[in-house]
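Q: I have a model open and would like to learn how to read its features. Could you take me through it?

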Amino acid sequence: MYRFNKPFSVSQFLSLVLLSLLLSACASTPDNSSNAPTVPPSAFSRLEHKPDWYLQQLAQADAAYRFTWETLAARSLIAAGDLQQASALSQQLAKEAFTPKQKHEQRIVQAMILQQQGKSGEALAQIADIDLRPLSDDATASYYKLQASLLSQTANPLSALPAYIALNNYLSTAEQKTNNETIWSLLQAQDTARLQQAMAEPAPKVQTGWLALAVLQRTLGNQPQQFATQYARWHAEYPDHPGSQLYQKEQTTNETATTALASGMPKQVAILIPLSGNLAAQGDALRNGMLTAYKEAGLQGDLRFYDSASQPIAALYQQAVKEGAEFIVGPLLKDQVEALIALKPQVPLLALNETDGKSTTDTNFYFSLSPAADAAEAAEKLRQDGKRLPLLIVPQGAQGQRVVDGFTNQWQPQTGGAPLVARFTDRQSLEAILRQAMGVGASQQRIDALQKSIGQKVFAQAFNRQDVDAIYIYASPLEAGIIKSFIDISQSPFAPPPTYYLGAKGNPGLNNPGVAQNVLGMQLGDMPWMLDSSSPLRDKVLTLWPQANNDLLRFFAMGYDSISLLPHLAELRAATGQQREGLTGALSINEQGVVRRQLHWIRIEKSEPSHEVAKPVAAPAAQ
């Protein structure tokens with residue numbers, strides 16, 4: 001690497017560099033003074049050598065070729081990350097550029113340097129009004145590639161689309177294929193409104209075709225039949241459009257995955273779950289459930305487990321596919337699911353979590369133990385029970401908000417109203433929050449106002465508001481018991497008490513009568529596996545695994561059901577009302593590929609609990 005001190009001028013620095021290279025060349029090679037100077041390739045041709053080689057050619061260059069060799073050397077230094085020397089050469093190029101062609105080439109080099117320095121705005125300004133007519137095809141391609149890259153980093157990434165399209169005119173067939181994939185990725189990253197807005201603006205037909213195909217994919221991508229009809233119309237309007245080849249490739253991949261899905265149990269399943277690290281216990285529970293289901297059902301095929309905590313999910317996916325995986329189950333963590341979806345997996349996928357923006361394809365499925373989905377099921381249960389105004393009591397924070405959203409998204413469209421919500425941060429804050437939510441404070445204020453108006457003490461007690469007829473609690477059994485006690489204290493003897501509904505988090509367990517005392521009389525919604533005290537499989541698991549707690553038992557059930565579902569995913573998705581009984585609930589699959597779990601409900605009593613089962617509900621996907 002060559003360096004210079006600030007006291008040296010650029011010309012002094014270059015003179016020293018070239019002199020040293022020239023002396024080195026003279027010392028190590030015979031006298032070639034009689035030979036003709038080396039003719040350089042195009043200044044923006046593909047770089048085939050390291051910077052030292054180009055600098056050595058520059059040291060030996062004839063004056064006629066000096067500018068071209070300097071440009072090649074500068075580009076090579078930029079590629080190597082040596083921006084200091086590249087900047088010095090760019091300044092020298094600026095001094096030596098006399099023709100319009102040379103001046104434009106120097107500006108492209110300088111813009112490349114500015115981009116590497118993180119100065120995208122300055123780089124765009126540097127190439128803003130370049131005249132492409134005198135430039136070679138290589139230089140023009142470099143210009144469009146640079147412009148597209150810079151524009152894609154702005155607040156309006158779609159402004160890069162014309163540059164990417166123009167770039168195709170200067171690329172080989174193989175390079176065009178890569179460039180078209182870049183265009184498609186750019187379009188898929190935009191929302192529908194932005195794509196439609198861009199379509200409304202006048203543009204060349206190729207650009208409009210790209211936008212139209214992206215809108216079509218975004219709006220009908222999860223409706224294969226309608227998409228195929230509209231795609232045929234698109235193809236008729238844009239018969240030679242480069243996007244058609246890209247779509248045909250994706251369609252072939254999708255058809256292969258769909259065929260594998262429809263064939264029943266795959267021959268080889270790759271299971272990406274955490275088997276080390278903080279979630280190793282949960283991963284072990286999942287694996288035990290999967291192996292148990294595989295053995296009990298007599299399934300054929302190879303289950304291969306990959307530790308999702310050991311390396312990036314992309315590397316595990318590539319390894320699994322290379323080793324012959326026909327189906328993937330997992331991963332468990334939300335960010336890993338998002339990373340895998342971004343790879344557009346070529347084999348069917350049953351993710352063990354959901355994402356905020358699910359990628360809806362015929363071969364992607366999502367199975368999670370989401371409290372938000374449980375809350376949606378609870379909302380339908382309350383509606384079926386004839387409740388009119390529920391109060392949700394949830395912890396402060398993101399988890400509590402997801403529970404509220406899941407309940408509200410199911411309740412509001414069905415009833416036209418919104419539930420009341422109370423959020424608590426700790427047990428000490430519960431009483432004040434509940435007094436406010438149940439209107440006890442307002443009741444006391446009315447009593448105080450009456451006393452003030454009549455001038456004497458009124459013997460009255462502040463009571464709960466009487467319009468709340470149901471309370472859904474997402475809390476531990478102890479917290480739920482405290483909540484019920486606070487509310488019961490202020491309950492009017494002249495009004496019917498509200499019905500208490502408890503989320504799975506409040507399940508005291510089958511063998512914890514002391515804990516169950518806190519939630520007596522409440523209705524508990526949970527997976528049947530956690531409510532059935534007479535399950536032979538549960539007894540067997542607890543015998544072999546006595547240290548298993550409620551959380552690990554839930555993961556066991558999730559693993560069991562995920563493998564049991566594999567041969568039936570396609571048929572369940574095709575018939576959205578169809579169900580299969582599982583450990584985690586009655587399982588169905590909606591149009592987005594989300595596995596829905598119908599909860600079982602029991603009333604917690606000292607005697608044998610009375611069982612209730614919620615009817616199937618087409619609830620929206622949990623977030």
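This is a predicted model: local features need pLDDT of at least 70, side-chain atom pairs count only at pLDDT 80 or more; totals for chains, interfaces and linings use all residues.

Q: What share of the residues counts as buried?

A: A residue is called buried when its relative accessible area is under 20%. By that cut-off, 48% of the 623 residues of the protein chain are buried. The accessible surface amounts to about 30200 Å², and carbon and sulfur atoms hold 51% of that area.

Q: How much of the contact pattern links residues 24 or more positions apart?

A: Take the contacts in the protein chain with a separation of 6 or more: 63% of them join residues 24 or more positions apart.

Q: Which residues touch the most other members of the largest nonpolar core?

A: That core has 60 residues, and Ile108 and Leu187 touch the most other members. To return to Ile108, leave aside the neighbours within four places in sequence: the remaining contacts of Ile108 are Phe44, Ile127, Ile130, Leu135, Ala139, Tyr143 and Leu146.

Q: Is helix 3 enclosed or open?

A: Helix 3 is largely enclosed by the rest of the structure, because eleven of its 15 residues are buried. These include Phe67, Trp69, Leu72, Leu77 and Ile78, and also Glu70 and Arg75. The buried residues of helix 3 pack against helix 2 (51–59), helix 4 (83–96) and helix 5 (100–116). After helix 3 comes Gly81, with a positive phi near 85°.

Q: How should I read the two faces of a strand?

A: In a regular strand, side chains alternate between the two faces of the sheet. In strand 1, Gln268, Ala270 and Leu272 point one way, while Val269, Ile271 and Ile273 point the other way. Six of the six residues of strand 1 (residues 268–273) are buried, so the strand is largely enclosed by the rest of the structure.

Q: Which way does strand 2 run beside strand 1, parallel or antiparallel?

A: Strand 1 and strand 2 (residues 302–307) run parallel and are joined by six bridges. Between them, the chain passes through helix 14 (residues 280–297), making a right-handed β-α-β crossover. Gln268 stands opposite Asp302 in strand 2, and Leu272 has Tyr306 of strand 2 as its bridge partner. Strand 1 also pairs in the parallel sense with strand 3 (residues 327–329), over three bridges. There, Ile271 faces Val329 of strand 3.

Q: Gly593 is in a loop. Does it count as buried or exposed?

A: Gly593 lies between strand 12 (585–589) and strand 13 (595–598), and at 0% relative accessibility Gly593 counts as buried. Apart from neighbours within four places in sequence, Gly593 contacts Asn364, Phe365, Tyr366 and Arg573. Gly593 and Phe367 are 226 residues apart along the chain, with 8.8 Å between their C-alpha atoms.

Q: Is Glu48, also in a loop, buried or exposed?

A: Glu48 lies in the loop between helix 1 (10–28) and helix 2. Glu48 counts as exposed because its relative accessibility is 58%. Glu48 and Ser76 are 28 residues apart in sequence, and their C-alpha atoms are 9.0 Å apart in space.

Definitions and conventions: Residues are numbered from 1 along each chain as its sequence is written. Side-chain values use heavy atoms; hydrogens and water are left out. Buried means under 20% relative accessible area, exposed over 50%, partly exposed in between (1.4 Å probe, protein chains only). Helices (H or I, at least four residues) and strands (E, at least two) are DSSP runs, numbered from the N terminus. Contact means heavy atoms within 4.5 Å. A nonpolar core is a set of buried Ala, Val, Leu, Ile, Met, Phe, Trp, Tyr and Cys residues joined through side-chain atoms within 4.5 Å. Accessible areas come from the Shrake-Rupley method with a 1.4 Å probe; for residues, only the protein chains shown count as cover. Two strands pair if DSSP finds at least two bridges between them. A crossover is right-handed if, with the strands pointing away from the viewer, the path from the first strand over the helix to the second runs clockwise.
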